[in-house]
Amino acid sequence: MKKIRELNSFTRTNIACYGIVILAFVVLYPLQSAGLISHSISGQLVPICTYVVMAISLNLTVGFLGELSLGHAGFMSVGAFTGVITAISLAAAVPSPAIRLVIAIIVGGLFAGVAGLIIGIPVLRLKGDYLAIVTLAFGEIIKNIINCLYVGIDESGLHFSMKSDAALGLSDMGRVIMKGPQGAVGITKTATFLSGILLILFALFIVLNLVNSKTGRAVTAIRDNRIAAESVGIGITRYKLTAFIISAMLAGMAGALYAQNLSAVAATKFDFNTSILILVFVVLGGMGNIFGSIIAASLLYMLPELLRGLADYRMLIYAVILIFVMIATNGTRSKLIIAKIKSLFRFKKSPGEGAANI
Amino acid sequence: MKKLTKILSLTAAMAMAVSALAGCGAQKATETADTAAGTSAAVIKIGGIGPLTGPAAIYGNAAKTGAEIAVEEINALGGDIQFELQYEDDENDAEKAVNAYNKLKDWGMQVSLGCVTTKPCIAVSSEVFSDRIFALTPSASSTDVIEGKDNMFQMCFTDPNQGIASAEYIKSQNLGTKIGIIYNNSDAYSTGIYNKFVAEAQTQGLEIVSTQTFTDDSANDFSSQLNAVKAAGADLLYLPIYYTPASLILAQADKMQYAPKFFGVDGMDGILTLENFDTSLAEGVILLTPFAPDADDELTKKFVEAYKAKAGDVPNQFAADAYDCVYSIYEAIQKAGITADTSAADTCEALVATFTSPEFVYDGLTGTSVTWQTTGEVSKKPKGMVIENGVYVGMD
């Protein structure tokens, strides 16, 4: 009986997560194709997909692994720029924009995964606050390195420099891809809403399956009680590193998609503020709650855009709403009210199913 | 517990959705009011994007106010051409700028004022290019903004132009022999000028003795950079940076009794109106700027007065550039015979043709006999200014 209940809850989470994404696609895609939704909403679809993937991937680190990472935008940045370099390098070799986008996303994910491995090995020995500080530093290091990096391409291959675009020594046929603080410019936009949705589904597939696998149970065991987990023979480092690398890889893929949706992207975009923004999505959506991450990322991304009518007070109101939501979801009284609402719903269900809800 | 948090977040999400919809509803109301006014008076809709909040808000708000003054003046003339201006916030972020641009497109924008800052403008410029909407940016100065886009124009000098002009100016006026440079290598504007300055300095035979950098995160203390420049014996310090870090450099150089000639570019403009800054430190600072609020021509006086009445302080070059943008679009619209009924795409083609025609010459706050090249680059002469007794004095 217990097994069935667990299975139920697992499948329910799955159905809810996949369902909302597919529903969003089924409703919005025809509307977008027919031009029935405004430019404003249509333009936000791909960024929303990006941030949803970011929130899902950070939730793996913060919610399931239980480690506070403040440098998630750094992985996004790695993925974005390696993706851009890949896409521009392949512009002639791969004429299909869709295939180019897929390759860019895969390369972006791989490089971010490697960055996750490099940073993960020393960092995951640390705990709590220390880990947060080191990941924060990592994000800043990535930002500053890319700020100094000049990359160009000509017929003899890629050129790198830390000085200036002139120092790249490109031939006449060459073009500069990344210009230090100006970032990458002249990106051909290849990202589409469909690709964004597919990436979310991919991220969901990876994370949901991981969480419900042996590895996932080991990861949550480490989160809940490290010593107990260690005592039953769970290899802490291995499982922590697996979760961290997968999280970094998904962030890199989201970054690659993000960059392919803008014609210019600069390193300063992926700063501390962006990391915190994603963390806010995760915290408001609920730690370890993937469905919540999807909803929170979508709504919180749209909110400032929907508030544009308030002109000068826009960001003020946005901040107030954020604080309000934080308090509302964590206050004792609001929790009581929500519990009451919950019990109303539970009343209609059969007792057996109600118990499974707890 | 997991279920509980899920439901909590759902409730939170619903609360936000409701408030978001409320915001949406309010916006719809103003929009319809706008269109109603639009159809009765037949206005041409101009959309601008800039950082109205965040650390760069000073530039966005200045440009917005400058453009508003121009639109009010033009509408007050009561001619056939009436403008309606809407500015959207981009928080100095490319992604938000594209969102703001889409919002303006929904509003029915016919002519765009691009973005105020460079990075967002690069992203928006490719959008206006594919949508065929004419855009004239007041202050996004990188060449990447206009490169390969025939309908994207600039009111300000490009960064390379400023670097080249600075080197030429230093050489021709014999301002210094040993040059030290402090620039912001995390900033596209500063790096863009620096790179061209170094290249041009070589061809001009200027000697650069020391190059020091800083980033946005380390723009609080310049003592090590200043010591290095001083040790290298620089007699002219070139500062292709914005006025806030420049003010700190001036103050710290004064403390360590280091007094080379200071040479700035248009980002230095605004230093005299900076709060809590001792303007006596800026005595003798040379800068290249297209606009001086102390100039005594009628146009500048009128503009400065209107700006003071509206915003309460002295306008900087961003405001002047935006003012010029609206007026040059106004003149071009008159010339091309565009009316409010002309579609955005037709307006775009007509304006591109007018702006690039050799007969189109504009006289404004930031320059006289201003023309545009087919690349979208502006041709106007940079003015060398030196600060004397707390005011700009022309050097030529």
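# Exercises on chain B of a predicted model

In this model, β14(B) pairs with strand β15 (residues 391-394) of chain B in the antiparallel sense over 4 bridges; two strands pair if DSSP finds at least two bridges between them, and strands (E, at least two residues) and helices (H or I, at least four) are DSSP runs numbered from the N terminus. The model is predicted, with local features needing pLDDT of at least 70 and side-chain atom pairs counting only at pLDDT 80 or more, while totals for chains, interfaces and linings use all residues. Residues are numbered from 1 along each chain as its sequence is written, and chains are lettered from A and ligands numbered from 1 in the order in which they are written.

**Exercise 1.** Follow the bridges of β14(B) to its partners, and examine the hairpin with β15(B).

*Solution.* Begin with β15(B), where Gly394(B) is the bridge partner of Met385(B). In the hairpin, 2 residues lie between the strands, and Asn389(B) takes a positive phi near 50°. Then turn to strand β10 (residues 286-289) of chain B, which pairs with β14 (residues 383-388) of chain B in the antiparallel sense over 4 bridges; here Ile286(B) has Val386(B) as its bridge partner.

**Exercise 2.** Classify the packing of α6(B) against α7(B).

*Solution.* Helix α6 (residues 159-172) and helix α7 (residues 188-204) of chain B pack at an angle of about 40°, their axes being 7 Å apart. That makes α6(B) oblique to α7(B), because angles under 35 degrees count as roughly parallel, over 145 as roughly antiparallel, 65 to 115 as roughly perpendicular and the rest as oblique. The residues of this contact divide into 8 nonpolar, 6 polar and 5 charged, where Ala, Val, Leu, Ile, Met, Phe, Trp, Tyr, Cys and Pro count as nonpolar, Asp, Glu, Lys and Arg as charged, and the others, Gly among them, as polar; contact requires C-beta atoms, placed from the backbone, to lie within 7 Å.

Technical notes:
Axes fitted to C-alpha atoms, helices over the stretch in contact; angles between N-to-C directions.
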